[in-house]
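Hi,

Here is the structure I promised to pass along. Have a look at it first, and my notes on what turned up follow below.

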Amino acid sequence: MKLPAPQRKEPEENVIPLINIVFLLLIFFMVAGTLTPSQPFDIDLPATEKGGEMPRDPLRIYLSGDGRVALADEEVSVEDLESRIAAQLDESPDLPVQIEADGSAQSKVLLDVMDALRDAGVERADLATRRE
C-alpha cells in the first residue's frame, strides 16, 4: 500500500518578540527623551491674551524672580552676559534671542539684561509669555 507523503507545513513567523522589543523601545524613548530644554531654575511666565510665533532654536536667556540670570543652562552675571552673547553672535549673526523672565522678576534686572543684549549687538529679542 502506497501512502501519500505528509505535507510539510511552513512554519509561521512569530512576530510577538519583535512587537515586545518595539514597545520596550517606545517606552524607553518616552521616558528618557525630553521635548523641551530644561530651565536652570523655575520660571512662571507672565500671561498674555495674544501671542506670536516663537523662533526655532533661539538663544534662551532666563531671568528668575529673585534676579538670577542664566544663558542657555548656565547661570551667569549680567556683566558676563554681554561678552558671552557677543561671542555667540560672532559664530552665527542671525541667531534669534528669546528672554524667558519670571512674572515676578524685577524690571530693573530685565532692563539691565536688555541693555547687555543691545551692547552685544542684538537687534531683536523676543520676550516669552504663556497664553491664558
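To start with something you can check on screen: which residue does Arg118 form a salt bridge with? The partner is Asp115, and the closest N and O atoms of the pair are 3.1 Å apart. Keep in mind that this is a predicted model, so every value here is computed from predicted coordinates. Both Arg118 and Asp115 sit in helix H3, three residues apart, or about one turn of the helix. Arg118 is exposed, at 52% relative accessible area, while Asp115 is partly exposed at 32%.

Now the overall layout. The chain has three helices and seven strands, and along the sequence they come in the pattern α-β-β-β-β-α-β-α-β-β. The radius of gyration is 27 Å, well over the 14 Å that the globule rule gives for 132 residues, so the chain is more spread out than a compact globule. You can see that in the box filled by the C-alpha atoms, which is roughly 105 × 35 × 25 Å along the principal axes. Buried residues make up 23% of the 132 residues. The accessible surface is about 10600 Å², and carbon and sulfur atoms account for 53% of that. If you count contacts between residues at least 6 apart in sequence, 71% of them join residues at least 24 apart.

Val22 is partly exposed, with a relative accessible area of 46%. For background, nonpolar side chains in soluble globular proteins tend to be buried together.

That brings me to the inside. The largest nonpolar core has 18 residues, and those touching the most other members are Ile61, Val69, Leu71, Leu81, Ile85, Val113 and Leu117. Strand S2 (59–63), strand S3 (69–71), H2, strand S5 (97–101) and H3 each give two or more residues to this core. Which of these elements gives the most to the core? It is H3, with five residues.

Side chains of opposite charge can pair when their charged atoms come close.

- Arg84 pairs with Glu74, with the closest N and O atoms 3.2 Å apart. Arg84 lies in helix H2 (residues 78–91) and Glu74 in strand S4 (residues 74–76), so this pair ties together parts that are 10 residues apart in sequence. Both ends are partly exposed, Arg84 at 34% relative accessibility and Glu74 at 39%.
- Lys108 pairs with Asp112, with the closest N and O atoms 3.0 Å apart. These two are four residues apart in helix H3 (residues 107–120), so about one helical turn separates them. Lys108 counts as exposed at 55%, whereas Asp112 is partly exposed at 28%.

One last thing, on the backbone. Most residues other than glycine have a negative phi. Ala72 is not a glycine, yet it has a positive phi of about 60°. Where does Ala72 sit? Its place is in the loop between S3 and S4, and Ala72 is partly exposed, with a relative accessible area of 36%.

Cheers

Methods
Residues numbered from 1 in each chain as written. Predicted model: local features only at pLDDT ≥ 70, side-chain atom pairs only at ≥ 80, totals over all residues. Heavy atoms only, no water. Buried < 20%, exposed > 50% of the residue type's maximum accessible area, 1.4 Å probe, protein only. Rg over C-alpha atoms; globule rule 2.2 N^0.38 Å. Contact = heavy atoms within 4.5 Å. Areas by Shrake-Rupley, 256 points an atom, 1.4 Å probe, with all protein chains shown as cover. Salt bridge = Lys/Arg side-chain N within 4 Å of Asp/Glu carboxyl O. Core = buried A, V, L, I, M, F, W, Y, C linked by side-chain atoms within 4.5 Å.
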